[in-house]
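Let's walk through a protein model together, one step at a time. Please have a look at the structure below before reading on.

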Amino acid sequence: MNRLTKAAIVALALTTTAAPLAAQAQNRDHREYRQDRRDDRRDDRNDRREWRQDQRNDRREWRQDRRDDRRDWRQDQRADRWDRNNRDWWRGRPEFRDYRGARNGYWYAPGRGYYRVDPRYQSYRWRQGAYLPSAYRGYYVSDPYYYNLRPAPRGYRYVHANNDILLIAVATGLIASVLHDVY
């Protein structure tokens with residue numbers, strides 16, 4: 001055989017074996033590339049899942065903090081309210097700074113001070129269904145919430161009369177309810 005033929009046979013043998021080997025190597029590279037991409041996507045999904053989980057935990061913690069803050073605030077508000085069992089509850093409150101105890105011929109309205117009263121009402125025991133005289137209807141309770149009172153219905157107001165709090169109809173002065181001996 002001549003050299004040219006031998007070279008052609010060798011070249012043909014090389015191409016027939018090398019081409020599949022090269023293709024196989026390419027396929028292997030391509031499979032590895034695809035596997036790498038799959039792994040990357042899986043890692044990205046895991047990262048996003050962890051991030052969402054962290055965000056969820058942050059929101060839960062934030063909500064829990066808000067709940068705790070509201071609970072503390074409510075507790076503080078309760079502590080800053082009128083207490084029937086504590087006879088000195090009014091001491092230190094700014095609206096009672098002028099209060100010096102009961103004075104003959106006067107009633108005290110927190111935040112407004114002492115006001116003169118008709119002697120026949122000085123030690124009057126208010127009751128539901130009676131009428132409050134018009135001269136005493138203007139001494140409104142500024143903060144019913146402080147006295148653990150629910151908001152007054154439309155057309156009614158809480159007023160101070162002696163050391164009682166009365167819920168009265170604004171138009172007529174009819175007493176709807178009485179809270180005796182507040183201070």
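Asp181 counts as partly exposed, at 31% relative accessibility; here buried means under 20% relative accessible area, exposed means over 50%, and partly exposed lies in between (1.4 Å probe, protein chains only). The side chains of Asp181 and Arg125 meet in a salt bridge, 3.8 Å from N to O. That term stands for a side-chain nitrogen of Lys or Arg within 4 Å of a carboxyl oxygen of Asp or Glu. This pair links distant parts of the chain: Asp181 sits in the segment after β5, and Arg125 in the loop between β2 (113-116) and β3, 56 residues apart. Side chains of opposite charge can pair when their charged atoms come close.

A word on what you are looking at: this is a predicted model, in which local features need pLDDT of at least 70 and side-chain atom pairs count only at pLDDT 80 or more, while totals for chains, interfaces and linings use all residues. Residues are numbered from 1 along each chain as its sequence is written, and side-chain values use heavy atoms, with hydrogens and water left out.

How many salt bridges does a search of the whole structure find? The search finds three. Another one joins Arg120 and Asp118, whose closest N and O atoms are 2.7 Å apart. Asp39 and Arg42 also form one, at 3.3 Å from N to O, and both lie in helix α1 (residues 3-79), three residues apart, about one turn of the helix. Helices (H or I, at least four residues) and strands (E, at least two) are DSSP runs, numbered from the N terminus.

Now turn to the strands. Three of them form an open sheet in the order β3-β4-β5, with antiparallel pairing; two strands pair if DSSP finds at least two bridges between them. β3 (156-161) and β5 stand at the edges, each with a single partner strand, so one side of each has no neighbour in the sheet. β4 (residues 164-169) and β5 (residues 175-179) are paired over four bridges. For instance, Ile165 has Leu179 as its bridge partner, and Leu166 has Val178.

Leu166 leads us to the largest nonpolar core, where it is among the residues with the most contacts, along with Trp107 and Tyr136. Such a core is a set of buried Ala, Val, Leu, Ile, Met, Phe, Trp, Tyr and Cys residues joined through side-chain atoms within 4.5 Å. This core has 15 residues, and β1 (106-109), β3 and β4 each give two or more. Apart from it lies another core, of 13 residues, among them Tyr108 and Leu179.
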